[in-house]
Amino acid sequence: MKIDDKIILITKVGDKIYGLDAVCTHARCILGHVDFNKKIVKCPCHNAVYDLETGSMIEAPSVAPNFPKEKGGLKTFNVRIEGGWIEVEI
Ligand code: FES
């Protein structure tokens with residue numbers, strides 16, 4: 001979903017809806033491979049892995065194993081469905 005200049009990944013796992021910045025902090029690829037069981041999203045470019053709940057980087061990019069994971073987290077957004085609409089708090 002694109003809101004203003006932000007591209008936000010919105011996904012639902014069970015009853016919970018997650019929203020996070022969809023642009024990888026490594027080289028700005030668009031995220032998209034969600035693992036619903038592990039509640040993670042993997043970057044398709046170099047396989048960095050992010051936690052859906054916190055946005056933190058769990059695994060560094062495969063091409064940059066020393067990438068500072070603590071600085072590579074993604075912004076998260078509160079998301080809810082209200083009256084059939086998806087509402088994102090930005
Ligand atoms: S652009 Fe996402 S891991 Fe490199």
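**View 1. Five strands in the order 1-2-3-8-9 form an open sheet with antiparallel pairing.** The model is predicted: local features need pLDDT of at least 70, side-chain atom pairs count only at pLDDT 80 or more, and totals for chains, interfaces and linings use all residues. Residue numbers start from 1 along each chain as its sequence is written. Strands here are DSSP runs (E, at least two residues), numbered from the N terminus, and helices are runs of H or I with at least four residues. Two strands count as paired if DSSP finds at least two bridges between them. Strand 1 (2-3) and strand 9 stand at the edges with a single partner strand each, so one side of each has no neighbour in the sheet.

**View 2. Strand 3 of this sheet is joined to strand 2 and to strand 8.** Isoleucine 10 stands opposite glycine 19 in strand 3. Strand 3 (residues 16-21) is also antiparallel to strand 8 (residues 76-82), with 2 bridges between them. On that side, glycine 19 stands opposite phenylalanine 77 in strand 8. Strands of a sheet pair through backbone hydrogen bonds, either parallel or antiparallel.

**View 3. Strand 8 and strand 9 form a hairpin.** Two residues lie between the strands, and glycine 83 in the turn has a positive phi of about 60 degrees. The strands run antiparallel, and 5 bridges join strand 8 to strand 9 (residues 85-89). Valine 79 has valine 88 in strand 9 as its bridge partner. Arginine 80 has glutamate 87 in strand 9 as its bridge partner.

**View 4. Four strands in the order 4-5-6-7 form an open sheet, again with antiparallel pairing.** Strand 4 (33-35) and strand 7 (57-59) stand at the edges, each with a single partner strand, so one side of each is left without a neighbour in the sheet. Neighbouring strands of this sheet are turned by 30 degrees against each other on average, direction ignored. The axes are lines fitted to C-alpha atoms (for helices, over the stretch in contact), with angles from 0 to 180 degrees between N-to-C directions. Strand 6 (residues 49-51) and strand 7 pair in the antiparallel sense over 2 bridges.

**View 5. Methionine 57 lies in strand 7.** The bridge partner of tyrosine 50 is methionine 57. Methionine 57 counts as buried because it has 23 C-beta neighbours inside 10 Å. The cut-offs are 20 or more other C-beta atoms within 10 Å for buried, 12 or fewer for exposed, and partly exposed in between, with C-beta atoms placed from the backbone. Not counting residues up to four places away in sequence, methionine 57 touches Thr25, Ala48, Tyr50, Lys69, Gly72 and Gly73. Contact means C-beta atoms, placed from the backbone, within 7 Å. Phenylalanine 67 is 10 residues from methionine 57 in sequence and 9.9 Å away in space, C-alpha to C-alpha.

**View 6. The protein chain has 0 helices and 9 strands.** Its C-alpha atoms fill a box of roughly 45 × 30 × 20 Å along the principal axes. Of the 90 residues, 21% count as buried. Among contacts between residues at least 6 apart in sequence, 32% join residues at least 24 apart.

How values were computed. Contact = placed C-beta atoms within 7 Å.
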